[in-house]
Amino acid sequence: LSISMATVPYTQVEDDLDPEGQPLSVALPPPGEEEEEEEEQQTQQHHPLSTTRRFGFPNPDKDYFRYVILVCSCLLTFGSYFSFDLPSTLQESIQNRLHISDGGIQYQSLYASYSYSNMLMVIAGGYIIDKWGNRIGTLLFTTLITIGQTLFALGGTVGSYPLSLCGRLIFGSGGGPITVVQNNISSQYFKGKELALAFGVTLTASRLGSILNFLLSPTIKDSVGLSMALWFGTILCCLSFLCGLTFIAMDRRNEKGGHAALTTKERRIKFADIKKFPPMFWVLCFICQTFYLTIFPFIAIATKYFQDKYDYSDTKAGRIAGIVYYFGMVVSPFLGHIVDRIGHRAHLALLGSAITLPTFLLFAQTDISPVLPMLLLGVGYSVSAATIWPSVPLVVELHTVGTAMGVMTAIQMGGVAVANVIVGALKRSHGYNADVYFFLACGAMATVLTLILNIMDMRSGTILNRAHKKEASGKPDAAKALLNPATPSSEETTEGEAP
C-alpha cells in the first residue's frame, strides 16, 4: 500500500517489499497526530468502549445510570438552597443576635455579599467547568458552600456580624457556580426532548431545599433556638457535599467506560469564546437578570413585609413567602416535559414575565390576602425557569455551556446584588410600597425584553419556539447554525476527503 505523503529514508530489507517486489513507502503522520493516536490507543486499551462487556453497579451501559446521575445532581444544590434564605425566614432573630438594624444596609448586605461574590466567581467557575470538567467544579464549589455556611452558623451562634458576613461571601462564591455545574450536568447527560425535563427536575429538588427552610427553620428556632436552626443548614450542606463525591465517582466510572460527555478536544475553551456568543444569548441573560429581580430580592423581604402589612407571625409569614417555591417544586418537572414536547420557549418566557405585573399591582394597590399574588408569582417563576435556562444550550455550542451559564448567572447576580441595596434604601426612606413598585418596574423590563427575544427567534429560524426532538442522529441543528455561522458543521468534508 503506497500513501502519497512525505517519506523518510530507511535501510531497505527484504520484508519492505510489496507482493510485486516494489519497495514500500513509509509515511509520516501530520505533526501531533501520532501523539493523539497513541493517546487514543491507550484510552481504548485501558477504557473499553460500551461494546465491551462490563459488570458491577452502577453500570454506565444501563439506562438507569443517567437518572442516578440526575439524583446526585439534584442534591448538589439542596443544602445551598436551604441555607440561602435563612436570613429571610429568621430575619428578626438574626437581626437581634447580630445587633443590626431592621431591614437596613447591614441586613441587606447578608444577601448583597452573597450576590457580589457569586457574580465574581461564577464566570471563572463556568470556565473551570468547561476547562477541567464537572468533577473539579463539583468538589471545589461544594467545599466553598460548606465552609461558608459553617462560618455563617458560627457567626450567628457567637453573635459576630463580621464572621457571618464573611461566611456569606464564601458561601456565595460556591453557591452560584454549583448551579452552573448542575445545569452543565443536565446539558451533557440529557439531550433534545429530555433537556427541559432534566432542568425542571433539578429545579424541583433544589427548591425543595428552599421550601424546607421556610417550613422548618422557624419551627427549629422556636423549639431549640436560633443556633440550631443555622447549624441544621450546615448539616444539609455537608449532605450536598457527600452527594457531590458520589457524582464524582460515578462520572469517573462513566468516563472510564468510554462514555465521556466531552472529549479533551471539545473542552478546549478560551475566554475569547465569550465574544462568539450570539446576540440571542445576551438578550436571554438580561431577561434572566430583570426577571429574577422580582424573585430573589422580594423573597428576601417578604417575611418581614407580610408581618408588617398583615400582622402575621414570623412562622405564618415565612410559609406564605415560600409559596413561590412550593408551586415551582410541584409543577416544574411537568412544565419541563411540556416545553420539551411543544417548544414555544420564548412565548412562554413572555408569559412568565408578564405575570409579574398583576402580581405586584395587587400588592401595591390592594389589601388582598398575599396568597393569591404569591401563587401568581409562583406561576411566573416556574414558567420562566422552565424556559430561560434550558434555552442556553440551544443557542451556544455544547463545550461552552458551562461558561455561558456562568456568564448568565453573573449578570443575574450582579443585578440582584445592586437590587438588594436599592430595596434596603427604598424601604428605609419610603417604606415597603416603594419596593413593590420597584419590583413592578423590573417585571415590565423583563416583559419588554422577552418581546425582543421573540422577534429575534422568529428571524433566526425559531430555534427556541419550535419543539426539539431527541437528537439521535447527531446531525447539526440548521437553526442553530444560523446563530453560530462560524461553527463548521460536523458533516462538512474537505475537498478530496472521503465522506
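Modeller: The count comes to 4 salt bridges. The rule asks for a side-chain nitrogen of Lys or Arg within 4 Å of a carboxyl oxygen of Asp or Glu. In general, side chains of opposite charge can pair when their charged atoms come close.

First, a word on the source. This is a predicted model, where local features need pLDDT of at least 70 and side-chain atom pairs count only at pLDDT 80 or more, while totals for chains, interfaces and linings use all residues. Residues are numbered from 1 along each chain as its sequence is written, and side-chain values use heavy atoms, with hydrogens and water left out.

Start with D251 and R135. Their side chains meet in a salt bridge, at 2.9 Å from N to O. D251 lies in helix α10 (residues 226-256) and R135 in helix α7 (residues 134-158), so the pair ties together parts that are 116 residues apart in sequence. Helices here are DSSP runs of H or I with at least four residues, numbered from the N terminus. D251 counts as buried because its relative accessibility is 12%. Buried means under 20% relative accessible area, exposed means over 50%, and partly exposed is in between, with a 1.4 Å probe and protein chains only.

Now go to K304 and D308. These side chains also meet in a salt bridge, at 3.2 Å from N to O. Both residues lie in helix α12 (residues 296-310). They are 4 residues apart, about one turn of the helix. The two ends differ in cover. K304 is buried, because its relative accessibility is 10%. D308 is partly exposed, because its relative accessible area is 42%.

Next come K221 and D222. They form a salt bridge, with the closest N and O atoms 3.1 Å apart. K221 has 15% relative accessibility, so it counts as buried. There is a further partner to look for here. K221, D222 and D314 are linked in a network of salt bridges.

The structure holds 0 disulfides. A disulfide would need a pair of cysteine sulfur atoms within 2.5 Å. Take C285. Its sulfur is 7.3 Å from the closest cysteine sulfur, in C288, so the two are too far apart for a bond. C285 is also buried, because its relative accessibility is 0%. C166, by contrast, is partly exposed, with a relative accessible area of 32%.

How values were computed: Helices (H or I, at least four residues) and strands (E, at least two) are DSSP runs, numbered from the N terminus.
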